[in-house]
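Colleague: Could you take a close look at the salt bridges for me, and at how enclosed the partners are?

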Amino acid sequence: MKAIRRFTVRPVLPGPLLPLSDLARNLRWSWHVETRELFQSVDPEGWQAAGGDPVRLLGSVSATRLEELAADRRFLRRLAAAAADLDDYLNGERWYQARARHAPVPLPASLAYFSPEFGITAALPQYSGGLGILAGDHLKAASDLGVPLIGVGLLYRHGYFRQSLSRDGWQQEHYPVLDPNELPVSLLRAEDGSAARVTLTLPGGRSLHAHVWQARVGRVPLLLLDSDVEDNDAGAREVTDRLYGGGSDHRLLQEMLLGIGGVRAVRTYCALTGHPAPEVFHTNEGHAGFLGLERMRELAGEHGLDFDAAVEAVRAGTLFTTHTPVPAGIDRFERGLVARHFGDGAELPGLPVERILELGAETYPGGDPAVFNMAVMGLRLAQRANGVSTLHGAVSREMFAGLWPGFDPADIPITSVTNGVHAPTWVAPEVMRLGARQIGAGRTEDALSVGGSQRWDAVSEIPDQDIWDLRRALREQLVTEVRDRLRASWRQRGAGAAELGWVDSVLDPDVLTIGFARRVPSYKRLTLMLRDPERLRRLLLDPERPVQIVVAGKAHPADDGGKRLVQELVRFADDPAVRHRIVFLPDYGMAMAQKLYPGCDVWLNNPLRPLEACGTSGMKAALNGCLNLSVLDGWWDEWFEPDFGWAIPTADGDATDEERRDDLEAAALYELLEQHVTPRFYDRSGRGALPVRWIEMVRRTLVSLGPKVLAGRMVREYVERLYAPAAAAHRALDPAAARELAAWKARVRSCWPGVRVDHVEALAATPVNGTAELGATLTLRVQVSLDGLTPDDIEVQAVAGTVDAEDVIRDARGFPLKPAAGPDLEGRRLYEGPLALDRTGPFGYTVRILPSHPLLASPAELGLMATPPVTGAGAEPGVLLR
């Protein structure tokens with residue numbers, strides 16, 4: 001018989017052990033080694049059975065064992081020390097508080113960070129891949145730094161799927177039911193003790209209610225909305241059933257709950273706890289973009305702002321981070337579906353539905369007028385936006401250029417903050433202990449969490465033998481882990497114990513080990529290594545310099561193409577001739593990753609460039625002394641140096657078809673492995689019969705690359721470059737200023753069709769025969785018509801730089817020109833200024849007029865620009881320097 005209701009019965013902790021509950025309920029244990037070791041000592045076998053989850057452990061430990069521990073003075077001393085350390089961590093001053101004392105403008109009192117998924121720990125499986133892991137690392141780093149962040153997401157009752165394999169290697173999906181009462185979360189409760197909840201209005205008189213669960217991520221509260229509420233109808237209860245599940249209607253409701261419901265959850269949390277209200281709202285990808293609409297509704301109700309003024313007020317304090325380099329990665333909904341959910345009798349009745357639809361409209365060449373684009377809305381409702389690596393920032397500026405017509409990609413207001421990873425989560429305890437022996441535990445913890453140093457020079461002093469012994473020990477741990485997981489996988493595939501004896505000889509702790517683990521969309525090219533199977537076999541089975549490869553990854557449940565790639569890899573790895581050298585491990589997740597990164601010698605990444613926005617798995621590997629072998633994409637394009645890795649050459653010219661490109665890049669990969677990677681690993685001609693050149697690359701990885709890839713560095717950049725300016729803009733855009741800015745923008749837009757550059761001439765040092773001398777100066781005189789605008793409304797710029805064969809300025813820089821006279825009888829104004837000829841070679845310039853206002857974050861914000869008319873070849877001024 002099946003139970004009609006399920007709940008968890010927890011033991012009552014003896015008084016001396018009560019601090020264990022606080023330690024278990026704060027997820028800092030997931031990255032704090034001493035706390036995890038304390039829980040492991042409670043019941044080592046129970047810790048293993050609980051999957052390293054303190055909440056599950058305490059739910060299963062016997063009362064007898066608890067009484068023993070309550071009388072164990074040594075354990076109680078350790079418990080008191082751990083509790084005191086957590087208290088100091090939660091309440092002591094950290095980087096943000098020290099920074100706030102000296103900041104030129106006040107730092108935000110609070111920030112809200114929205115994401116559809118969060119990868120904090122395997123004990124809270126609310127993530128699918130890199131986006132969620134990045135969000136989790138962002139929260140942990142914010143906690144370490146003391147940044148007053150509130151995380152906002154959804155609580156999925158089935159999480160993301162668990163993966164297994166059929167006998168023939170086809171991916172199988174399983175969705176285990178998650179009971180929030182067995183997770184490290186607690187209900188947010190109102191003052192009367194009832195469960196706090198938020199409500200959305202749906203079409204047809206329906207409602208969507210959601211409870212708010214809270215996880216403590218160190219100092220950061222993470223609010224997770226759960227629609228499995230008894231007052232909901234069956235459809236509404238399933239809104240938060242699965243991560244990235246269902247059709248368009250389902251996804252739209254998830255994103256409405258995340259964005260609109262998320263803002264309401266934050267307001268409820270702040271009211272109940274006294275936490276300061278956020279001054280900055282950060283949306284991690286476009287899924288939470290509706291948060292801007294809810295804040296506009298608030299402003300309309302509280303301050304009577306109209307739609308345009310509310311847009312300006314919301315934009316000022318909003319940051320949008322894009323993670324996709326391809327349009328196909330963006331959520332787009334049918335306009336009618338969105339209109340139905342924001343029309344009469346549905347959500348946000350005070351906001352005109354047509355104006356809402358305009359925010360997500362693809363009003364650029366090639367855009368689809370029938371869709372509502374979440375990223376486009378995100379960009380229109382955020383005054384600041386960024387990609388997640390330098391290359392991805394450039395790709396994003398190209399991809400969204402249609403929103404700023406006429407502007408060069410370099411002028412488009414999308415910057416970049418390169419992702420980082422939370423080192424205390426991903427660095428093996430053995431690596432941390434080696435660092436602690438070298439510089440002390442406190443300095444090691446600061447170096448890994450807060451960062452700040454550009455180099456970790458103390459690593460240079462660690463002896464070669466210590467580094468090599470550590471690498472060998474980590475590789476051996478991985479071998480044990482792989483064998484255990486492989487045996488379990490084959491049992492799931494139907495194999496009996498008698499046919500699995502071969503698993504005991506899979507992998508060798510003394511063989512060069514390559515790791516490859518990630519999601520399995522086609523652009524990540526899981527099977528590029530199989531392009532020439534015989535050549536790969538020779539690498540794996542080389543009698544002198546063998547290679548072994550550990551592969552893991554999940555294909556989306558709806559992606560049969562990705563599943564076929566998984567099956568192709570699995571079938572190759574099932575071959576008895578090579579299965580001791582290459583394995584595929586199903587159910588890739590955080591628990592597996594934390595063993596995989598440290599145990600590999602080389603981390604392989606071979607996406608189609610430039611489709612990898614950042615690719616943080618290689619960063620996690622690098623922090624453990626693993627060397628990267630990667631296509632120059634994402635973060636590796638930015639920080640690669642031959643001192644600490646290898647770059648796979650790309651064949652990404654327009655004339656190269658996909659098949660040819662894969663052939664060329666696979667051949668380049670094989671050659672690197674054969675001619676460079678394996679010879680260096682197996683070269684034992686150095687002192688002590690050690691591979692000293694390999695060890696030196698490991699050392700250079702840690703010294704030079706380690707500080708760069710930290711999430712602490714990333715969050716500090718967000719604070720200084722984006723959060724602090726956004727908070728200042730939020731304060732400046734009070735209701736009166738928002739109304740004034742909205743009215744100014746409307747006036748500028750109405751007048752802009754009449755704004756033009758009428759005439760440009762150069763005085764003094766005029767080029768002769770198309771040439772001029774380096775160091776000369778041109779004086780530019782420009783006549784402009786402003787059609788009702790004033791000089792305070794605009795800026796006239798000279799734009800100059802080197803030019804290509806088509807006279808396109810490639811490294812343009814703008815130089816403001818000053819009003820010199822006007823208006824004349826025809827209303828034209830004269831602007832003048834010098835232009836220094838400061839470089840040799842083909843050189844050109846032009847002139848442009850841009851809107852100007854002190855509350856704009858960028859001159860390109862309005863997407864308006866006026867330039868001289870082009871009437872034929874040579875119409876725009878230009879000079880050639882020699």
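Modeller: I begin with burial: buried means under 20% relative accessible area, exposed over 50%, and partly exposed in between, with a 1.4 Å probe and protein chains only. This is a predicted model, in which local features need pLDDT of at least 70 and side-chain atom pairs count only at pLDDT 80 or more, while totals for chains, interfaces and linings use all residues. Residues are numbered from 1 along each chain as its sequence is written, and side-chain values use heavy atoms, with hydrogens and water left out.

A salt bridge is taken as a side-chain nitrogen of Lys or Arg within 4 Å of a carboxyl oxygen of Asp or Glu, and by this rule the count comes to 59. One of them joins the side chains of Lys563 and Glu173, at 3.0 Å from N to O. This pair links distant parts of the chain, 390 residues apart, with Lys563 in helix α22 and Glu173 in strand β4; helices (H or I, at least four residues) and strands (E, at least two) are DSSP runs numbered from the N terminus. Lys563 counts as buried because its relative accessibility is 6%, whereas Glu173, at 25%, is partly exposed.

Another salt bridge pairs Glu674 with Arg535, their closest N and O atoms being 2.8 Å apart. Because Glu674 lies in helix α26 and Arg535 in helix α21, this pair ties together parts that are 139 residues apart in sequence; Glu674 is partly exposed, with a relative accessible area of 21%.

Lys745 and Glu861 also form a salt bridge, with closest N and O atoms 2.8 Å apart, and both residues are buried.
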